[in-house]
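Visitor: Could you take me through one part of this model, up close? I'd like to look at the place where the chains touch, and hear what else turns up along the way.

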Amino acid sequence: MSYAEAVIFLEAAVRLGVPLALAALGEAIAERSGVINIGVEGSIIAGALGGALGALAFESAGLGVATGALSGLAVALVFVAFAIGLGVDQIITGTAITIGGLGITGAIYRAQFGVTGTELSLPTLSVVGIPGLDRIPLIGPALFDQAPTAYLAYVLAPLLWWYLYRTRSGLSLRAVGEEPDAARAAGIRVRRVRALATAFGGLLAGVAGAHLALAHTGTFAEGMSAGRGFIAIAVVVLGRWNPPLVLAAALFFGAASALQFFLQALGLDLPYQVFLMLPYILTLAALAGWVGRARAPAALALPWESDRTG
Amino acid sequence: MTPRPSRRSVGEPVLVALAAVAITAVVGAGLLWLGGFDPIEAAGALYQGAVGSWTTFTSITLVRSVPLILTGLAVALAFQAGVWNIGAEGQLYAGAIAATWVGLTFGQLPALLLIPLVLVSSSLAGAAWALVPAVMRVQAGVGEVITTILMNFVGIHLAAWMVHGPMQEARGVFPQSDAISEAGRLFALLPGSRLHSGFAIALLLCVVAAWAIRHTTFGFHVRATGASPEAARVAGRIDTGRVILLTFLISGAVAGLAGGVEVSGVTFALYEKLSPGWGYTAIAVALLAGLHPGGVILTGLLFGALQAGAAAMQRDAGIPAAWVGVVEALTILAVLGLDRARRVRQRP
């Protein structure tokens, strides 16, 4: 592999890893508070459509990211209402949110752009090089010559680590995810913390979706989230619920997806569909090998109730 | 935590289901109206497309309900044991691939041998697909929600690879396999309609499962494990790991059979997008049925009618068929909400 091919591979790995990183960082925070939101896929696709419609309406990709984030948040709030407000099963609620999110975005898209679905041409997020850093050989063009959403992921990973482990609020959030009863006894409002953490996750998933539409392709397609929400949840496990590790796991998955460019450069003639399967198989293998040593938040996926409102 | 079939009376789950359908209809109509569509026109098109005539009912609605009943049964059985099998979609594809391969490879066998062989191989493939997440859960403690979903994507892409590569039709034009041997095709159930005997197989399996879950030791173990794995293990001395593994495999086999029945009864060949997401709709089918295998027949028919009607809705009323996803989500959420309300009311 030549230097140029290596740059192409790494750049693709980061570009494909960024939406996963954003969604997974948000999901990691939600899971740390004891909420597993399988509906993150629904937030991503809503973010993609909301981002596309916003970018069209305001003729600005940046504002598209904002509308995408809000769309992801809106979907997550439906999840919050059921899984946290009513305290019903998180897994099933999340599955419904994903099915509904894929359905309603498909319906809105077709209602707006015809049953056949015309090809959209959207304003795209332009690549911004970080002066100086983008000159570093190999990793410069791969890491520091990306869309602004990539830098958001880089900044959030250490920031969220600092929040979780070095702030009082982060400690409360982790306590809610481990021992909600004890946390409540200490005066922490369990359901409010969980709702906020999940809403934050929805916001980031929306940004991830907007990134898909506005940085990757410059268009929207039905179901373009293509399971990234589920992979993001696997990425959280691979990253052991620790934001910097989650970012690394997302980039690992991005690299697995980018392998197709790498192997094609090597002249290996494998069918396209095999490359599509590969990231999922690698993730399964990684889960099988890693998880034995990792531990999920103790109260993950368990609804919490109290006599008082909390 | 989980919706489980009430054992107090039969009437209550039925009431919950009816109320859930009513809520879904009202909210769904409201959303359609907000989207600028006429809900009355939509309902008319839906009705016409689903049960407008005897032919549409038997050849479209009933035919579409078969994979929904089977995958719904697969999900209901798994959920009863507390196994979160979200992987019926991938298991269905595994079954469809196996059924197509057997139907093509052993085409010279007589129908009496080939049809059972096709169906059994699809079940085995579905069970094998479920084995990976099952072993990962029982041996390594990896939650099955994510692993079954990941296996779905592997299955969908595997089927796509098959019809573009090793199993592509001899002409090599379209991404589909050759048609399986006549001898591998399910018999027609009603003369003059497209309804095949897979419908009877689905009904039979539901009845058998309903009996087994109620009246066999294993069925009791499944319910006990689902109600509380701790209690089942400690007080009931049940080997819950074994129960979980077996239920997972049975669930996978039933979902795999759905793929085999679809190939053997409807498409006669493997296609890239064979399933429009039946494995996910199955979750709504199972929950609306209160996880009762017998109830799955009714809710499977309901969603079969919905899918048949949605196609007509898109064609005649210009409403995107993607609305089906919204309706499914509303149904699941309505069941969850009503189940919650019921438990609050029952609390002492």
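Guide: Let's start at the contact, where heavy atoms come within 4.5 Å: chain B puts in 39 residues and chain A puts in 44 residues. Before going on, this is a predicted model, where local features need pLDDT of at least 70 and side-chain atom pairs count only at pLDDT 80 or more, while totals for chains, interfaces and linings use all residues. Residues are numbered from 1 along each chain as its sequence is written, chains are lettered from A and ligands numbered from 1 in the order written, and side-chain values use heavy atoms, leaving out hydrogens and water.

Now, buried area is the accessible area (1.4 Å probe) that two parts lose on being put together, summed over both. Between chain B and chain A that comes to about 3700 Å², with carbon and sulfur atoms giving 83%. Which elements does chain B bring? Those that give two or more residues to its side touching chain A are α6 (144–164), α11 (278–288) and α13 (323–346) of chain B; helices here are DSSP runs of H or I, at least four residues, numbered from the N terminus. The largest share of that side, 13 residues, comes from α6(B). Sorted by type, the side of chain B that touches chain A has 29 nonpolar, 7 polar and 3 charged residues, where Ala, Val, Leu, Ile, Met, Phe, Trp, Tyr, Cys and Pro count as nonpolar, Asp, Glu, Lys and Arg as charged, and the others, Gly among them, as polar.

What about salt bridges, meaning a side-chain nitrogen of Lys or Arg within 4 Å of a carboxyl oxygen of Asp or Glu? In one of them, the side chains of Arg110(A) and Glu222(A) meet at 2.5 Å, N to O. Arg110(A) sits in helix α4 (residues 90–113) of chain A and Glu222(A) in the loop between α9 and α10 (228–238) of chain A, so the pair ties together parts 112 residues apart in sequence.
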